[in-house]
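Q: I would like to learn how to read helix packing and sheets in a structure. Could we go through a case together?

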Amino acid sequence: MIAELGHFALITAFILSLAQGVLPLFGAARGNSAVMLIAPAAAISVALAVAFSFGALVWGFITSDFSLALVANHSHSTKPMIYKISGTWGNHEGSLLLWILILAIYGGVMALGGSAMPMALKARILAVQGLVTTGFLAFSLFTSNPFLRLATVPLDGKGLNPILQDPGLAIHPPMLYLGYVGLSMAFAFAVAALITGEVDRLWAKWMRPWIMAAWCALTCGIALGSWWAYYELGWGGWWFWDPVENASLMPWLAATALLHSAIVVEKRGQLKSWTVLLAIMAFSLSLVGTFIVRSGLLTSVHSFASDPARGVFVLAILLFAVGIPLALYAWRGPQLVTTADFTLTSREGGLIANNMLLVVATAIVLLGTFYPLGLEMVTGARITVGPPYFDATFNPVMALLMVFMAIGPVMAWRRGQTARLRPVLICAAAGAGIVALAVSSFAFGFGIGPLAALGLIGWLGAGIGADIWQQLKPNGTASFGARAKRIPNDVIGMWVAHFGIVIFMLGAVGDNLFNSEHVVRAKPGDVIKIADRNVTFTGVKQVEGPNYQALAAQLEYRDKDGTLFALLTPEKRVYNAERQTTTEAAIRPTLRGDDYAVLGDGDSKIGYTLRLYYKPLVSWIWGGAVIMALGGLIAAFGRQRAATKPANPQQNPASALSAPDGGA
Amino acid sequence: MSQMRLSFLLPLVAFGILALVGGMALYGTLSGSRDPTQLPSVFVDKAAPQTNLPRLVQTGSAAGNNISVTMFQGQPVLVNFFASWCAPCRAEAPALEMLSKRVAILGIAYKDRAEDTTAFLQQYGNPFQAIGMDADGRTGIEWGVYGVPETYLLDANGVVKLRHAGPLTRGVLEATIFPALEALGS
């Protein structure tokens, strides 16, 4: 009964979101405020209806209602409760409903807030959001109904893919979707602006928190996915350039470019058409990601529930959601062109360099992901593009980006350098030299790539440090504390986020250069040396899990002096319901580095294969990502740096929005 | 002015091309005409290229330090090009495991490092009778490999009978590999 109510709520949401998508557009065009006010009311109702529907589906999973086809196919009565709940989005239909839920919640929050915005702008934004929601609701209702009942109820479910039964993967999709779907808000802002052909600084100011929220969630979501791959695939790697990973990286790169270019629109009223295009691109790339993952066109280790028939529907959504805005852009874009009133060596110039490099990086990933498919269509040849391509193309672009990252923030708006530029440049160069020399002096034989990476870490770290010191150091007029207080939150957020990249790079380089790996066939009692540790393999034990049987190797880790400091137990698990084997790596993460052990095949006679790693600084990779997201949060919320010409939204929001822009 | 307007059309055109490619791929997959097994090889019904590669030295293997196709003279052999960095290769590991019970498989690690290959085999199983390291991809060029994974079936005389580019899925096994194996009496 509850499932039927959930299905009914989903149908209701579809009708309401259609109303939300169509009526306010007419209202805004006619200036009819009564019709425009339908938008927030409908958006909140859609959010409530979808939330009810999603709750009904979760209930089906919690109560193991195997009369529902989805529950029967993806759940099992013996599964731990957390995986019963997370199993709701561990499949195509359920994850689509989660996607819609987050879309609807974003719409609802927008409807509740934004009271300072002109009514027509808000109505149009909500309408665009409503149209996107309508498309996905139709996708769910017509091709992927999660509430289908089975004629004959099975005794138990088929279970969830064991590799997905993992706490990291329970929260990874919701986090990633918060990011993907959050970009729909920036998209809605862009399309609303294209409908009227007007973009001004307030528009960017209102859009920026949405971009930042989406970007932070996307950063965390990608980091979680990478972390999951690290410990679950038992492979020791943390990024594979897999199509599904690329699908999440592309919107992230575009969103990073967008949040930087939106600053230029907000502070200076420049780069308007470019920012609008980036906003469309960022969300389009999240849709493309969905298309790749769900249509099964590209082979991936991550993809589940792929079905070409569903791909048709996603392609149709993609054609409407990207084609129409880009057509609007071709029509309205030229109206948004401003005359550049800044020199190349200005803050604007630095941000343009940032945007160019990020867009090139996006294009590189897009090409690497789609080129095999394109080539196959043209010549019939099938190729695989792997890490060699990305290492040779993506990394240099990112390195150049890091060079600019230290300089850009100390440039002045409009033209020329500030007094801060010279000391920051000197410090950054010194930092680059010191780090590269220091590390290569105690460990020889690096190639040019790692050496450049080390130099960049020093360059950016010292550059940020010098910038902070320049802004904080006491001078005649203000004390340390007084100057610290005056620094706006978005500057602090920028420092934190850029510093997160330094931390991330330290992790990536540390793992890449100093990682030790040892593969052995060991019998109980054997001692294996890895890094400066002695590992004693004392044997294997049978372990009984809630829904699996496991063989666990017992590994005693001792340091140089022979003191026991850790016991690691990597497992090979056989899941009862699914009859699948997985390897569970045992990891002892510390700030200095991770001990990582994997149990392979073998028996007591010939011994067991053990794969042991010591991975220095590897946790810093994800720590850096979290610090980046934290920086985004600090920058998004809190006191902002004043615009060069202060705009007062309270004064007259409507006229402020439609007033001709200074540079136009 | 008109030139500037054209530049604003560019994103739409680029998207149109991308959508067309995606649509064609989808149409091909749906209608069943996008079938990687139809890929021709210049070597079909000709002798496989001379191949001599350093062996991926493994514990307990005292055989020679090089592998060659002639090692398998007198029996059919599957030659599988793979790499640890290739995601589809992980997907086809179970299929190779199954095939290894019916036919000898020679693995050629394409543009891969020995330690990565070893780790890959630990993780996904080793169905190969022998593994050659094609570190610079030269052998791949000689065979005309489009990309990993790619599989060739050679008869007892070392003549290429079949080439399959892309991962070996259940469908591929049943539609092409098994019939070809049966034709060779294996």
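A: Gladly! Two packed helices are described by the angle between their axes and the distance between the axes.

Q: Is the crossing of H1(A) and H3(A) left-handed or right-handed?
A: H1(A) and H3(A) cross in a left-handed way. As for the residues in their contact, 21 are nonpolar and eight are polar, with no charged ones.

Q: Let me try another pair. At what angle do helix H9 and helix H10 of chain A cross?
A: Helix H9 (residues 201–232) and helix H10 (residues 243–268) of chain A cross at roughly 155°, and their axes come within 9 Å. Because of that angle, H9(A) runs roughly antiparallel to H10(A). The handedness of this crossing is left-handed.

Q: How many charged residues does the contact of H9(A) with H10(A) have?
A: There are five charged residues in that contact, next to five polar and 16 nonpolar ones.

Q: Where does chain A divide into domains?
A: Domain 1 covers 1–165, domain 2 covers 166–334 + 344–413, domain 3 covers 419–487 and domain 4 covers 516–616. Between the centres of domain 3 and domain 4 of chain A, taken over C-alpha atoms, there are 41 Å.

Q: Which way does H15(A) pass H16(A): in a left-handed or a right-handed crossing?
A: Here the crossing is right-handed. Helix H15 (residues 421–442) and helix H16 (residues 448–472) of chain A cross at roughly 145°, with axes that come within 6 Å. Their contact is made up of 17 nonpolar residues, eight polar and one charged.

Q: Now for sheets, please. What should I look at?
A: Strands of a sheet pair through backbone hydrogen bonds, either parallel or antiparallel. In chain A, four strands form an open sheet in the order S1-S10-S9-S8, with antiparallel pairing.

Q: Which strands are the edge strands of this sheet?
A: They are strand S1 (516–522) and strand S8 (586–589) of chain A, each of which pairs on one side only. On average, and ignoring direction, neighbouring strands in the sheet are turned by 15° against each other.

Q: How many bridges join S8(A) to strand S9 of chain A?
A: Four bridges do so, and S8(A) and S9(A) (residues 593–603) run antiparallel.

Q: What is the strand order of the five-stranded open sheet in chain B?
A: That order is S5-S4-S3-S6-S7, and the pairing is mixed. Strand S5 (130–134) and strand S7 (160–165) of chain B sit at the edges, each pairing on one side only. From one strand to the next, the twist averages 20°.

Q: In which sense do strand S3 and strand S6 of chain B pair?
A: Strand S3 (residues 77–82) and strand S6 (residues 150–154) of chain B pair in the antiparallel sense, over five bridges. One of the residue pairs to look for joins B:Asn80 to its bridge partner B:Thr151 in S6(B).

Q: What confidence values come with the prediction?
A: The complex has an ipTM of 0.74 and a pTM of 0.81 from the predictor. Chain B has an average pLDDT of 80, and 85% of its residues score at least 70.

Technical notes: Residues numbered from 1 in each chain as written. Chains lettered and ligands numbered in written order. Predicted model: local features only at pLDDT ≥ 70, side-chain atom pairs only at ≥ 80, totals over all residues. pLDDT = per-residue confidence, 0-100. Domains from an automatic or database assignment. Axes fitted to C-alpha atoms, helices over the stretch in contact; angles between N-to-C directions. Helix = DSSP H or I, 4+ residues; strand = E, 2+ residues; numbered from the N terminus. Left-handed = near helix turned anticlockwise from the far one by under 90°. Nonpolar A, V, L, I, M, F, W, Y, C, P; charged D, E, K, R; others polar. Pairing = 2+ DSSP bridges. Parallel < 35°, antiparallel > 145°, perpendicular 65-115°, else oblique.
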